[in-house]
Amino acid sequence: MKQKLWRFPGGLHLAGHKSESTSVPVTKARLPNRLVLPLQQHIGEPAKPLVAPGDRVLKGQMIAAASGYVSVPLHAPTSGTVIEIAEYPIPHPSGLSAPCIVIESDGTDKWCERRPLAHYQTLEPSALRNVLREAGIVGLGGAGFPTFIKLNPGPDRKVDTLILNGAECEPYITCDDMLMRERADEIVAGLAIMRHALQAAHCIIGIEDNKPDACAAIAQALRKVGMIDMRVMQVPTRYPAGGEKQLIQVLTGKEVPSNGLPIHIGIVCHNVATAAAVYRAIMHGEPLIARYVTITSAGTGAGVHAPRNLEVLFGTPMRELIEQCSGALTPGFQTIMGGPMMGFAVHDTAAPVIKTTHCVLVTQQATTAPALPCIRCGACVEACPASLLPQQLYWHARAKEFDKTQDYNLFDCIECGACAAVCPSNIPLVQYYRYAKGEIWTREREKQKADVARQRHEFRLARLAQEKADREARHAEKKAALALKQAQQEEKIH
Amino acid sequence: MSTPSSPYVHTAGSVTTVMLRVIYALLPGIAAYVWFFGWGVAVNIVFAVVVALVCEAGMLALRGRPLKPFLLDGSAAVTAVLLALALPSLAPWWMTLIGTAFAIIIAKQLYGGLGFNPFNPAMIGYVVLLISFPREMTLWLAPEMVSGHSMGETMSTNPIFGHLGGKGWEWINGLFLLGGLWLIYKKVISWHIPVTVLGSLALMAAVYFLIDRDLYASPLFHLFSGAAILGAFFIATDPVTASTTPRGRLYYGAGIGVFTYIIRTWGGYPDGIAFAVLLMNMAAPMIDYYTRPRVFGHKD
Ligand code: SF4
Ligand code: SF4
């Protein structure tokens, strides 16, 4: 059955470089001696520590609790002792440090008690969401948004289609590919659980057509459990086909409205690895403590000699993974977390793998040619999947005309980097967009602060005016009373 | 050490690649030109390129800009080659000098150099020469009547900016056309501008040709008279000064075609391409503003 597909605007054909890391089966990474676990590995509020230095913890034990609605707890990836809670380098573009719980492993990898829920069908969706929240599950596709929130369509919203994103469109990254090949059953079972939580009418698994093995594995898993109403669909390999909005458009022909969410058009989209994590949380009672990570390198020369995917416990330093794959960090190389299109350089390879780390990519430090002025060639326009005019955005961002960048819909930019990749003038376009967005956010925050301050000031003036008026009124009253008294007295005298 | 941010891959060539490809695409046409009309044009081209690079280097130095990246970008050379092709092949050296210098110094560098010039520098250079030395621009070439066309009188026989008529021009134009198609194939230019320039020119010509066959030249004549093909593929497509939105390029190209026909047919100058391009250069920012694509997720 050939299903109709749609097209998203723009996009690029990129060299995939996927076969390098898919030739060997996935193995477990070595258990590290020390695990460094940032309290924030998701979008939202950081988790609050539940343990103190010196505490013994078991594998899977909750060590930090969610704080606030948009937040998830954190669990110990292995058994051992908490040795400190302190600031350590985290994988973040800023290169800053952030509060982390450090665990020294005891080498036994001993689990805490797990409580599987074999009959999830009998659970209310809200109860299911709660279990997933307690298991610390976030989107594993890269953004790290708490999954339980995305499984909550909200009152009076019907979910028409649940899409599992197995496109994995960025070059070099193959962790989802390998997961689909090796754990298709878990993904399909996770999908069924998610579907129950959302009460979705249809389910589609979208996979780029450069992953025939993964596609076949998923199709077979579906057949095995008789899920005939869930479909696998191959989408053409074109970057960024794995972007949420792009995949939705390709599979359903619908556009997620600007400023809106997929749920506003009846669609929810999750990553395949998230589905597998949901399965393990429900059916095995295992919280999210590990994931598949691609360790590979780009370019010639040194780097990673045995590229592959490893199943990695969170908190494992990236450096150890690179070493396990016969890689060495020689001068002139840099480590990128994520793919070459949307990833960022990690300043310190002691930084740990976290929930959103899908790839550790070692590349030669780019000897970038200097940027030339924009020649308005329009190559970026042709590449942009959001149908923006990147050259105009650049022009105005550079001139700090932030209102104009918003006129040109800066906030519809998904920072996919397609424009910069094709720019003959070698302009780091995305850098300008990030900068402009940051400036606009800062200004808005400041304006809000100023508004609050102004409101307070106005309120105070009004209060003072009121007090004065009250005083005057009392004064006038007294005066009037006095005058009346006098008048009465005078009357008496006369 | 600053770490550049993503993306870390760059799939496109550089500005130099783009400009070199434009020059490669012109080479077959130029070779035919030399074959049929002798070395004059080649000498002109080489001289113009040298002048352009010297002017560019001088201006960059005066403006305190780095020399190497901008001299190597190839844009000055492209301007020089196009201007030299627009001049009569026997143009005296000082005309090439003045035109090229004006194009690079005034029309390009004084506006801020690569990427900042609102007008096509080669066409500014050409028009300045045409206005200042109208006699010299047509002096060497005896005006010749094309049978049945009164417009033959207004169109000089300047080989490129005049009309075909002579043997060899089919070849030269045919090879320019081939070069232009190669540029589209290589994605150096998009089809929008050449197709709409030639399409609107042919359409205008067809309408008037049908009205009065004796008074107006045929569409084919218009398409294959010297400047149309070179203009449509190589001059109107100058990215810096053209419209930059996909839809805008359609209007931009159509405008050039229409103005070219009007100036050729009723204007006082031999060919309209240069003026048409400059006129549409002026309109480009406005066209860009009104032809912004519908952004993803914005239903109108
Ligand atoms: S690709 Fe680069 S040079 Fe071309 S229009 Fe876009 S920003 Fe300008
Ligand atoms: S980074 Fe933004 S502007 Fe550039 S191609 Fe992607 S969506 Fe378009």
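How many salt bridges does the rule find across the interface of chain B and chain A? The rule finds two; a salt bridge is a side-chain nitrogen of Lys or Arg within 4 Å of a carboxyl oxygen of Asp or Glu.

The model is predicted: local features need pLDDT of at least 70, side-chain atom pairs count only at pLDDT 80 or more, and totals for chains, interfaces and linings use all residues. Residues are numbered from 1 along each chain as its sequence is written, chains are lettered from A and ligands numbered from 1 in the order written, and side-chain values use heavy atoms, with hydrogens and water left out.

**View 1. Chain B against chain A.** In this interface, 38 residues of chain B are in contact with 50 residues of chain A. Contact means heavy atoms within 4.5 Å. The two chains bury about 3800 Å² between them, 61% of it on carbon and sulfur atoms. Buried area is the accessible area (1.4 Å probe) that two parts lose on being put together, summed over both. On the chain B side, B:Y8, B:T244 and B:F296 lose the most area to chain A, together 20% of what that side buries.

**View 2. Polar links between the chains.** A:E255 and B:R294 join their side chains in a salt bridge (2.6 Å, N to O). Chain B and chain A also share 22 residue pairs in polar contact, both residues at pLDDT 80 or more. A polar contact is a pair of N or O atoms within 3.5 Å; within protein, one must be able to donate a hydrogen and the other to accept it, and residues adjacent in sequence count only if both atoms are side-chain atoms. On chain B, the elements giving two or more residues to this side are α1, α3 (67-72), α13 (246-266) and α14 (273-290). Helices (H or I, at least four residues) are DSSP runs, numbered from the N terminus.

**View 3. The two domains of chain B.** An automatic or database assignment gives domain 1 (14-150) and domain 2 (189-291). Their contact takes 21 residues from domain 1 and 19 residues from domain 2. The domains bury about 1700 Å² between them, 77% of it on carbon and sulfur atoms.

**View 4. The domain 1 face of chain B.** Helices α1 (15-37), α4 (75-86) and α6 (121-132) each supply at least two residues of the side that touches domain 2. The largest share, seven residues, comes from α6(B). Between the domains, the count is zero salt bridges, and the rule finds two residue pairs in polar contact.
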